[in-house]
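Me: I am new to this structure and would like a close look at one part, the place where the two chains meet. Please start with the chains themselves and work towards that place.

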Amino acid sequence: MLKYIMKRLLIMVVTLWIIVTLTFVLMVSIPGSPLNEERGTTEQVQKNLESFYNLDKPYYVQYLLYIKSIATFDFGPSIKQPDRTVNDLLGNGFPISFELGMWTIIVAVISGIILGIIAALRHNGIVDYLAMTIAVLGISIPNFVLATLLIQQLAVNHPIFPPATWSSPMHMVLPIIALATGPMAIIARLTRSTMLEVLTQDYIKMARAKGLNPWKIIFKHALKNALMPVVTIMGTLLAGILTGTFVIEKIFAIPGMGRYFVESINQRDYPVIMGTTVFYSAFLIFALFLVDIAYGILDPRIKLHKKAGE
Amino acid sequence: MKKVFLFLVALIAVVTLAACTANQEAGKEDKNKGDQKQTDNADGDKQDKEKILYMNNSDEPTSLDPAIGFDAVSWNSLNNLMEGLARLGKDHNPEPAIAEKWDISEDGKTYTFHIRENANWSNGDPVTAGDFVYSWRYLLDPDTGSAASFLGYFIKGAEEYNSGKGSAEDVGVEAVDDKTLKVTLKEPTGFFLNIVTNPSFFPINEKVAKENPKWHAEADSFVSNGPFKLTEWKHNDHMLFEKNDKYWDVDNVKLDKVHWAMVNDPNTEYQMFESGDLDMTGIPSEMADQLIEGDNVEIVDQAGLAFYRFNVTKKPFQNKKIRKAFALAINQDDIVKFVTKTKEEAAKGFVSPGFKNPSGEEFRDANGDLVKFNPDEAKKLLEEGMKEEGYDKLPKVTLTYNTSEDNKAVAETMQSMFKENLGVDVTLENTEWNVFLEDQKALKHQLSRSSFLFDYGDPINFLESFITDSSMNRTGWSNKEYDKLIADAKKEADEEKRWDIMYKAEKLLAEEMPLFPIHFYNQVTIYKDGVTGVVRHPVGYVELKWADKE
């Protein structure tokens, strides 16, 4: 197991290096520059700015500077917010995005699985149709539409929750609902379909025939196997949601890190692009790694490593 | 199965209960907030109750370092935290501020500012002439990397220092004594006082900055000399300003605190205003129709122009008549009335309204309408132009704008106006903002959307953009007569004459038409009842010194 983990870690580092290099190539090949402004400045000012941010250096020097910054976990100051380093931006933004994301995942997974089980147990009944209608709606309504709707209905028309910003648990309710509905729907549909499949399996019939507690059959025997596909999507879902979402954070004015993924590219803020990319990739790679480990626990047939002599 | 059912019932009960408790709490919190606001309103009776103005800055300020934060999101904060030698008054003209008076030499090249005895920093230090010398040299230091440094080029020796050829000591800024600052200019610059009101020219507390070069990055270390001081700054979240009791004119500051949210989405901003979390809001463009005629809507000028640039190095716009034909085929009034819908003023000239010459006459009134919609004339000019160039068929024209719904609506309207008034099919093209700017600067477009916002209150700021080799030119247009007019205007000591030269320059621009105007900008704000005294300067920053809230 240890050997397997070491091997995976090595692969992770190589993957990260490839991502960083590709990002750098893509970044400098898109037209535009972080110093591009509509407002005109003199040539001299432009030159001063370029040398200030090392943009007048040849690409290979810039590349080496980036690799160095990644190796030392110090991405330097943002070009668009020069008083703050990329580490500050991510350090302040990530905990907030993580908090929002964690609650979102918890709400989405719990409600999604429950909805899926209910639908599967009442297959083709009214409850099933109802649950699946909710799921289809959840998948097809974009979260920014839902977000605006929620603010209008539950903050402006009926002032139950505050409309935006991030300062108390009450402020968290609307963004969590807006963000969790989509993943919840996906999880509900996945759970339902695999549940249906699993429930027709021989071992379930066997368990029923033995007169086991139906409750136990569902949660211990059926659900455990039905969860495999859910676990599969959890890796990407975790990385995606925990590192923040641009649109929801923008609508609710949440000071998370989601904005930097989009804005840094629009503004060609090179250090921030590199910082967010490295951070996100490392997070995603690690989440996928956790998922692989979780497979092994859920399904002993999946072997993570070959035993000697096999 | 029964058990499953029971479980579900239990689950629903739990969820409902949870929701109820949440609702109760919500109700409570909301009520408290309501109470607090009510007491806020009842401020007239109780003097000890704080007046807090809730505003939105839309984004984190780029930087509160005066030399670096060269944009509206930084200026809105800086202009209220700091104060320069002069400050824009309620009528948008420079008034004595940190300097209580100034003397201008006969030739108009030397300004001597006398700094107030009671001008202090929020940490108690006196504001000295040395602080200004320090901050202006810092602005011009090439190692600072300031995008605003070119504004200082009017000062003697500034350009040389900024381009690495001169030294800091040769810059024409000198502290005669602690409270006297002497500034020597390159040319008599009639609008120099307007320039020193720009936040880039605010002082920096030399002692503080030398101890901690990052003094401006956090609230703890920020030292201000303006009406307010920075007491809280949670990055990307909010800022809190408090009345600065060390400010020389603190008696005229009415607000106790200003709370700045950083909400970037115009719809959310409006919804927060609706639910009472903000005291003022802009108008989301989709709602302009419904809201612009409402109560408490204030519309003020923003000095600046929305326009389109021709590229005179590409066919068919090398021809002056064809350029004019395209310009006269556009009905600016219709665009403002039916497309943008936020009551901007249609632009029939280039310099926006609000600039008055020494005898009080408006620049815009004096020069009148220079680019007026005239489809017949446009058609005639197009024919003549095509004949001059020997075209049977007009070369293909592509109109480029940077991707946005608002720009698209204007571009499509223009496309149909070209078709209707000139019979020309124009292709539309949109690109991402940064790519767009890169291409525009490299003269890759034929006809492209542009905008200009003033940095300081003088028409020359806009007019000088179109001299040969200016980085704002981006049209390929070069005209010796125009270059000379601008150079003359910058040298002219007699204000009347200087304005006459600028009138001429604008007329020449309309004659040559390397660009054509669409509309001037404005600032639209909806205020909550009882909010008064917020001044929005045409140069784009907000002034809260006189603001009050009932």
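**From the chains to their contact**

Reply: Chain B holds 17 helices and 20 strands. The radius of gyration of chain B is 27 Å, close to the 24 Å that the globule rule gives for 550 residues, so chain B is as compact as a globular protein of that length. Keep in mind that this is a predicted model.

Stay with chain B for a moment. Its C-alpha atoms fill a box of roughly 85 × 80 × 40 Å along the principal axes. Of the 550 residues in chain B, 46% are buried. Take the contacts in chain B between residues at least 6 apart in sequence: 66% of them join residues at least 24 apart.

Chain B is divided into two parts, domain 1 (23-262) and domain 2 (300-523). The centres of domain 1 and domain 2 of chain B, taken over C-alpha atoms, are separated by 34 Å. Each domain of chain B brings 11 residues to the contact between them. On the domain 1 side of that contact in chain B, four residues are nonpolar, five are polar and two are charged.

Now chain A. Here there are 13 helices and zero strands. The C-alpha atoms of chain A fill a box of roughly 85 × 70 × 30 Å along the principal axes. Buried residues account for 36% of the 310 residues in chain A. Among contacts in chain A between residues at least 6 apart in sequence, 71% join residues at least 24 apart.

Residues 100-122 of chain A are 96% helix and 0% strand, with end C-alpha atoms 33 Å apart. Residues 278-298 of chain A are 100% helix and 0% strand, and their end C-alpha atoms lie 30 Å apart.

Next comes the meeting place. In it, 44 residues of chain A are in contact with 49 residues of chain B. The elements of chain A that give two or more residues to this side are helix H2 (43-52), helix H4 (86-121), helix H6 (143-157), helix H7 (169-199), helix H9 (214-226) and helix H11 (246-251). H2(A) gives the most, with six residues. By type, the residues on the chain A side divide into 24 nonpolar, 13 polar and seven charged.

Zoom in on one residue. A:Asn48 is found in helix H2 of chain A. A:Asn48 has 23 other C-beta atoms within 10 Å. A residue counts as buried at 20 or more, so A:Asn48 is buried. Leaving out residues up to four places away in sequence, A:Asn48 touches B:Pro142 and B:Gly145.

Finally, step back to the largest nonpolar core. It has 205 residues, and B:Ala325, B:Ala329 and B:Ala505 touch the most other members. The largest share of this core, 14 residues, comes from H4(A). Domain 1 (23-262) and domain 2 (300-523) of chain B both give residues to this core, so the core lies between them. Now take B:Ala325 by itself. Not counting residues up to four places away in sequence, B:Ala325 touches B:Ala378, B:Leu381, B:Leu382, B:Gly385 and B:Leu422.

Notes
Residues are numbered from 1 along each chain as its sequence is written. Chains are lettered from A and ligands numbered from 1 in the order in which they are written. This is a predicted model: local features need pLDDT of at least 70, side-chain atom pairs count only at pLDDT 80 or more; totals for chains, interfaces and linings use all residues. Helices (H or I, at least four residues) and strands (E, at least two) are DSSP runs, numbered from the N terminus. The radius of gyration is taken over C-alpha atoms; the globule rule is 2.2 Å times the number of residues to the power 0.38. A residue is buried if 20 or more other C-beta atoms lie within 10 Å of its own, exposed if 12 or fewer, and partly exposed in between; C-beta atoms are placed from the backbone. Two residues are in contact if their C-beta atoms, placed from the backbone, lie within 7 Å. Domain bounds come from an automatic or database domain assignment. Ala, Val, Leu, Ile, Met, Phe, Trp, Tyr, Cys and Pro count as nonpolar, Asp, Glu, Lys and Arg as charged, and the others, Gly among them, as polar. A nonpolar core is a set of buried Ala, Val, Leu, Ile, Met, Phe, Trp, Tyr and Cys residues joined through C-beta atoms within 7 Å.
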